[in-house]
Amino acid sequence: MFSISLRADRLSKTYEAGLLSTGKCIFREVSFEIRSGKTFGLMGSSGEGKSTLGRVVAGLEKATTGSVYYKGTPLTLMKKNEKIAFRRKVQIMFQDPTDAFNPRKKIGHAISEVLALLGVPEARHSSKTEEMLITTGLPKEVLSRYPSQISGGQLQRLALSRILLLDPEYIVLDEPTSALDVSVQAQILHMLKEVQTERNTGYLLISHDEIVIRFMSDSYGVLENGQLKIIE
Amino acid sequence: MSPEAAHIESSCITEACTEEYSEKKREISSLNFKFPGELLFKISGRRKGLKGQLNRGGIFLFVFFLFMALFPSFLAPYAPNERFTPYKEPSWDHFLGTNDIGNDIFSELVYGSRISMTVGFAAALVSTLIGAILGICAGYFRGALDELLMGFTDVVLIIPKIPLIIVLGAYLQPSIWILIPVLGLLSWESTARVTRSKTLQLREAGYVKSARCMGFSSWHIMSTDIFPNLYNVLLPKFMLATASAMISEASLSFLGLSDISMKSWGTMLSFAFFRGGFIRDMWWWYTPPGICITLCIISIALIGFGLETQGKEHVREGADAM
Amino acid sequence: MSGIARKGTRYLTSLVLIIIINFTLPRLMPGDPVKNLIGEDVYVSENVMEELRAKLGLDRPLYEQFTSFLSDLLHLDLGYSYHLHAPVAELLLDRLGWTLLFVGVSAAIGAFMGSLLGALAGWRPEKKTSRFTGLAFVVLSCTPPYFLALLSLYLFSFRLGFFPSKGFYDAPEIGSILHHLFLPVCVMSVFSASRNFLVMRGSVIQEKEQLYALYARAKGLKDISILFRHIIKNASLPIITLLALDFGFLFSGALFIEIIFSLNGMGTLIYGAIIGKDYPLLQGAFLVIALTALIANMLADLLYGLIDPRVRRPA
């Protein structure tokens, strides 16, 4: 067990019986590990809870039992500065790229926001943004457009590059290509692979598409009936 | 009915759809104006022409009153404080005659629009802001804070506002600067509810989740991602709150609890009744202010509804976000 | 069970809040608390002020004052109106009956008329009469209540002399009472009706599209009978809650109408208290009104729970 990895340890998530629904167990005793530079694939049919698991690993939701370990420390026991570091280093990329951007903000604005968050002085915003655009191969015009005016593929690339600005160590990819045209899917996957080789990022790839999983992952598991079966 | 009854804040059927059933009845009962709007659009719904007409009529009336409030000197022949012979009947000199101390009633009417509408808008602003802030916080943070805030809202909802305002008004010096915050502080519940619903929806959007993931502070997310998307919910609420505040102000002025130095339409009515206008059969004194109040409120309510029905489609779509 | 617990807490908290407000208000407001507790325009010498201060317990610590306040409440002692030289509770009780009568009758009539017209309008929203009544009620809802009262007073009382303009009765007999009350009850009912109309109409329109209505029509039931036999029962649910909850609003509105018609109910009492700055009376009135509204809310909740089987079904 490398202490650098992002590890899930016996995670379970149950929705309690409430006023309007009966209790539901989403997953139970799920354990796996994501290593730097490697991809762990998570497969399962829709609605099984893969996305929820992804969100738990990324720290957006809390698990009912079990913990997520980052650098050997469980999330629940982290101190404030450790938590901030975790936030930066573990990112999540969503399925629907149009949803990933605030429809009322221009792309340029959205990028600047992130740069400001990182503490980049305003004077250097434009140069950094240009750098980013060149790496992802997007034209400069996208900066002045609203998300609704840009194609799905370009948006997904922008979403990825925005995440990369934060220099994450791990990225949870929640169905990164499902909302895109077949022609664009390959582009995105290649881009992801490139980034992984360059930056040694670890991926948690969530998808219902077996081909995508096989293409990208070093190892994967299938989430079925709340249990994870690790293959390979 | 009392100002609360004509409490043009409607908690809306849209809310009833998005919230639990058991809350529905509370909403429907504490509501009222939702229906006139729905009514109007159902009345006019079959024929696009009529709907458009009502809408345009509302806007036209509203602009007219706004004009009256902003540029009173254009319409009013005299200053409202100028004194002439009291108790005069309408004539060419004085369209609506003069009141008990000799002020020209027509000029009073025109200048009065300023006060009535200012109080209305200001109080609505206060109430909308409070409701929005509480709603956003409740919806964004959820959990204990949400329960607390909503519980607090529920509790305040029960307390009858007008009697409270009366007691407060009797203790404090009647002044506009007291009236506005008091009116505002007592009518934010419905806005808070609606804002909370919408925030709960918005919170699930991908960009909000991404923002949280990237580490933006809650404050940043609330102000840049959530708040700007609330406009189409807040604006109709604001208009309806204005109408409600205007009726409340009119009622309070009638009781003499408003600023006497600032003659709003309600104060005019109060003077007319209590200073002999009624006994002397001076219908030209007390009828115009009442009509103005009614028309102004109708126009604002129409606009508020127009905006609300527009927004309804968006809300309906996300209605199952809960 | 937690549903009931939650509701119970809500009402309890409201009750506590109301009592606290009542307690802190005179002590918080600007000015001498003694004056706040006995009313402004009451002339007393310095000695009497000191006596009163002691009597009202203003020199004692706050929690002691609060406990004595609570015990007073439980003994139904709402203070003394120095202005009118009578205990507040007595004054209020005197007038409360009349106002309740007035409000109750108007609410009932209004609910009935409003629901009926609303149901009919909802059933056939395209007809001219439906549109017309709808529009009329909307305009009525936008009108300040006392303004309508004023107009009707003018028209029917002064001009046409149909009805007397003052007081509850000339002679304490039923005919006179009815005569005097007719106009105010009419005005009040119109307001109550407008709210009920709109709610009922909306309700019927919603219910109309439910499957059971279509089924009834398929069964071959005549038009209006579908309305009355099936839809009304479901559509009435909001009305029931509205009626109980409305009570608070109607009460407030009634105050204004009473003033216009010079009826000797709580409205005129409160108005007199405002003019005379009779704080204890106003406090007591607020307490009574707030409590009435609270009780009405609770009844509404209870009633709704009993009547609507959907809510009763366990989750």
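Which residues of helix 14 of chain B are buried? They are W265(B), G266(B), T267(B), M268(B), L269(B), S270(B), F271(B), A272(B) and F273(B), where buried means under 20% relative accessible area, exposed over 50% and partly exposed in between, with a 1.4 Å probe and protein chains only. Helices (H or I, at least four residues) and strands (E, at least two) are DSSP runs numbered from the N terminus.

This is a predicted model, in which local features need pLDDT of at least 70 and side-chain atom pairs count only at pLDDT 80 or more, while totals for chains, interfaces and linings use all residues. Residues are numbered from 1 along each chain as its sequence is written, chains are lettered from A and ligands numbered from 1 in the order in which they are written, and side-chain values use heavy atoms, with hydrogens and water left out.

**The sheet of chain A**

- Six strands of chain A make an open sheet with mixed pairing, in the order 6-7-8-3-9-10; two strands pair if DSSP finds at least two bridges between them.
- Its edges are strand 6 (90-93) and strand 10 (227-231) of chain A, each of which pairs on one side only.
- On average, neighbouring strands of this sheet are turned by 20° against each other, direction ignored; axes are lines fitted to C-alpha atoms, for helices over the stretch in contact, and angles run from 0 to 180 degrees between N-to-C directions.
- Strand 7 (residues 170-174) of chain A pairs with strand 8 of chain A in the parallel sense over five bridges, and I171(A) stands opposite Y203(A) in strand 8.
- Helix 2 (residues 80-89) of chain A lies across strands 6 and 7 of chain A and runs at about 35° to strand 6.

**Strand 3 of chain A**

- Five of the five residues of strand 3 (residues 39-43) of chain A are buried, so this strand is largely enclosed by the rest of the structure.
- T39(A), G41(A) and M43(A) point one way from strand 3, F40(A) and L42(A) point the other way, and all are buried.
- Strand 3 pairs in the parallel sense with strand 8 (residues 202-207) of chain A over five bridges, where F40(A) stands opposite L204(A).
- Strand 3 also runs parallel to strand 9 (residues 219-224) of chain A, joined by four bridges, and there the bridge partner of F40(A) is S219(A).

**Two helices of chain B**

- Nine of the ten residues of helix 14 (residues 265-274) of chain B are buried, so this helix is largely enclosed by the rest of the structure.
- Just after helix 14 of chain B, G276(B) has a positive phi of about 90°.
- In helix 9 (residues 176-185) of chain B, the buried residues are I176(B), L179(B), I180(B), V182(B), L183(B) and G184(B).
- Those residues of helix 9 pack against helix 6 (105-141), helix 8 (161-171) and helix 13 (231-254) of chain B.

- Chain C has 13 helices and two strands, and 49% of its 315 residues count as buried.
- Among contacts in chain C (heavy atoms within 4.5 Å) with a separation of 6 or more, 71% are between residues 24 or more positions apart.
- Chain C exposes about 15000 Å², of which carbon and sulfur atoms supply 68%; accessible areas come from the Shrake-Rupley method with a 1.4 Å probe, and for residues only the protein chains shown count as cover.
- L101(C), V105(C), I109(C), F112(C), M113(C), L116(C), L117(C) and L120(C) form a nonpolar surface patch with about 630 Å² of accessible area together.
- Patches are made of residues with over 30% relative accessible area and no salt bridge, joining like charges within 9 Å and nonpolar side chains (Val, Leu, Ile, Met, Phe, Trp, Tyr) within 5 Å; a salt bridge is a side-chain nitrogen of Lys or Arg within 4 Å of a carboxyl oxygen of Asp or Glu.
- V105(C) sits in helix 5 (residues 88-123) of chain C and is partly exposed, with a relative accessible area of 35%.
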